[in-house]
Amino acid sequence: MIVTLANQFIPLLKDAAGIAGNIFAFGLFLSPIPTFRRIIRNRATEQFSGLPYIYALLSCLITMWYGTPLISIDNISVLTVNSIGAAFQLVYVTLYIAYSEKEKKVRLFGLILAVLVIFAIVVVGSLQIDDIFLRRIFVGILSSAALISMFASPLFVIVPNGMGTVLGIVQLVLYFYYKRSSREESRVPLIVSYS
């Protein structure tokens, strides 16, 4: 009886989580609208970065690919919401390019080209994997990495130096590792007086 109840509720929970995820994702896709109203009104990108929209485009494309029947079956909601998300990101990137300075335009065109090349490599590369389960795992990991990069992309505005970011992470890891050392060791004076 418990197994029967679980089998009835698991698909229901999956559907509920999918609907909630789509609602939140759609809200996330709409969130840059105030920024782009300002960009259009001022006819300039000002100090806004285009990187979050580039990363979001890559994330939506890879996650959209994950939702296709060639990768995972019964994930049509993942496919549809990320197709919509990719369309929103393309509009945002187009508006950003339209109102940015020439140097930023060239840089963003290069980044869009890189995103399209990466997406093409993911599509072609994943289709080379014959085992559907392994293909799903491969694209799922890439999708997760793309999602992490999308959510981390606003941090690039705060810490634009990639090497500085890596070194800062290493510094924090070392800090928390050595913070756990015994309290007695940390109470030993650095300078010993022999007087």
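In this predicted model, α3 meets α5 through L51, I54, L57, L58, L61, I62, M64 and W65. On the α5 side, the partners are R107, L108, L111, I112, V115, L116, I118, F119, V122, V123, S126 and L127. By class, the residues of this contact divide into 18 nonpolar, one polar and one charged. The crossing of α3 past α5 is right-handed. Because angles under 35 degrees count as roughly parallel, and α3 and α5 pack at about 15 degrees, the two helices are roughly parallel to each other.

Helix α5 (residues 102-127) also packs with α4, at an angle of about 155 degrees. That angle makes α4 roughly antiparallel to α5. Here V93, Y96, I97 and A98 of α4 touch K104, K105, L108, F109 and I112 of α5. Seven residues of the contact are nonpolar, none is polar and two are charged.

| Helix pair | Angle | Axis separation |
|---|---|---|
| α3 and α5 | about 15 degrees | 10 Å |
| α4 and α5 | about 155 degrees | 9 Å |

The largest pocket has a volume of about 470 Å³. Its lining consists of 24 residues, and G18, N22, S77, V78 and V81 are the ones nearest the centre. The elements giving two or more residues to this lining are α1 (2-30), α3 (51-66), α4 (76-98) and α6 (132-152). Of these, α1 supplies the largest share, ten residues. In the lining of the largest pocket, 13 residues are nonpolar, eight polar and three charged.

Terms used:
Residues numbered from 1 in each chain as written. Predicted model: local features only at pLDDT ≥ 70, side-chain atom pairs only at ≥ 80, totals over all residues. Heavy atoms only, no water. 1 Å grid on protein atoms, 1.4 Å probe; cavity = no way out; pocket = protein on both sides within 12 Å on 5 of 7 lines; lining within 4 Å. Points joined across faces, edges and corners; volume = space filled by probe spheres on them. Helix = DSSP H or I, 4+ residues; strand = E, 2+ residues; numbered from the N terminus. Nonpolar A, V, L, I, M, F, W, Y, C, P; charged D, E, K, R; others polar. Axes fitted to C-alpha atoms, helices over the stretch in contact; angles between N-to-C directions. Parallel < 35°, antiparallel > 145°, perpendicular 65-115°, else oblique. Contact = heavy atoms within 4.5 Å. Left-handed = near helix turned anticlockwise from the far one by under 90°.
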